[in-house]
Amino acid sequence: MIDADISELYGTSTKALNQAVKRNMNRFPPDFMFQLNTQEKAKVVTNCDHLMGLKFSKTLPYAFTEHGAIMAASVLNSAKAVEMSVFVVRAFIKLRELLSTHKELEQKLIELEQKVGKHDKAITAIIITIRELMGDNAKEREKTIGFERE
């Protein structure tokens, strides 16, 4: 995201955002934020109509990654930035809970699969035993039941 978009999202000016970021540069490594060069700025302005205001700006905008956008909320003092920061933390907590639930569900499915597998073997053994018993009784009945000619 471009600094102008983040400042709008957090309810502050782009200038205030960039000042807060510069005061806290140690919180923004290159994988969190970087400054666009002239060609990148031109490309962004061409592709994003809402950024036409940047076309005539002399300063090069900053681009923030997902982690940089979250970190930006932590260095700003606006009410909206604080609200968004709390929202992001809660979203991560919910995500962690969902993942935990899925892991528990996966474990229960594995246990159920193991139980069913054991039952399948037991059921198969019972069926084999019943068939064997049926087979023995059927042979005995053939000898004792019915008439035979001599």
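The protein exposes about 12,000 Å², of which carbon and sulfur atoms supply 59% (Shrake-Rupley areas with a 1.4 Å probe; for residues, only the protein chains shown count as cover). The model is predicted: local features need pLDDT of at least 70, side-chain atom pairs count only at pLDDT 80 or more, and totals for chains, interfaces and linings use all residues. Residues are numbered from 1 along each chain as its sequence is written, and side-chain values use heavy atoms, leaving out hydrogens and water.

**Exercise 1. State which elements the protein has, in what order they run, and what share of the residues is buried.**

Step 1. Helices (H or I, at least four residues) and strands (E, at least two) are DSSP runs, numbered from the N terminus. The protein has five helices and two strands.

Step 2. Starting at the N terminus, the order is α-α-β-α-β-α-α.

Step 3. Buried means under 20% relative accessible area, exposed over 50%, and partly exposed in between (1.4 Å probe, protein chains only). Of the 150 residues, 22% count as buried.

Step 4. Contact means heavy atoms within 4.5 Å. Among contacts between residues at least 6 apart in sequence, 69% join residues at least 24 apart.

**Exercise 2. Describe the largest nonpolar core and the elements that supply it.**

Step 1. A nonpolar core is a set of buried Ala, Val, Leu, Ile, Met, Phe, Trp, Tyr and Cys residues joined through side-chain atoms within 4.5 Å. The largest one has 17 residues, and I6, Y10, L17, F28 and F64 touch the most other members.

Step 2. At least two residues of this core come from each of α2 (14-23), β2 (62-64), α4 (66-75) and α5 (79-144). The largest share, four residues, is from α4.

Step 3. Another core lies apart from this one; its six residues include I2, L36, V45 and L54.

Step 4. For the contacts of F64, leave out residues up to four places away in sequence; F64 then touches M1, D3, I6, L17, V21, F28, F32, M33 and A69.

**Exercise 3. Find which residues of α2 and α4 are buried, and how they are arranged around each helix axis.**

Step 1. The buried residues of α2 are L17, N18, A20 and V21. They fall within an arc of 160° seen down the axis of α2, so they line one face of the helix. The arc is that of the directions from the helix axis to the C-beta atoms.

Step 2. These buried residues of α2 pack against α1, β1 (33-35), β2 and α4. On the face turned away from the buried side, α2 carries the exposed residues K15, K22 and R23.

Step 3. In α4, the buried residues are G68, A69, A72, A73 and V75. Their arc down the axis of α4 is 165°, so they too line one face of the helix.
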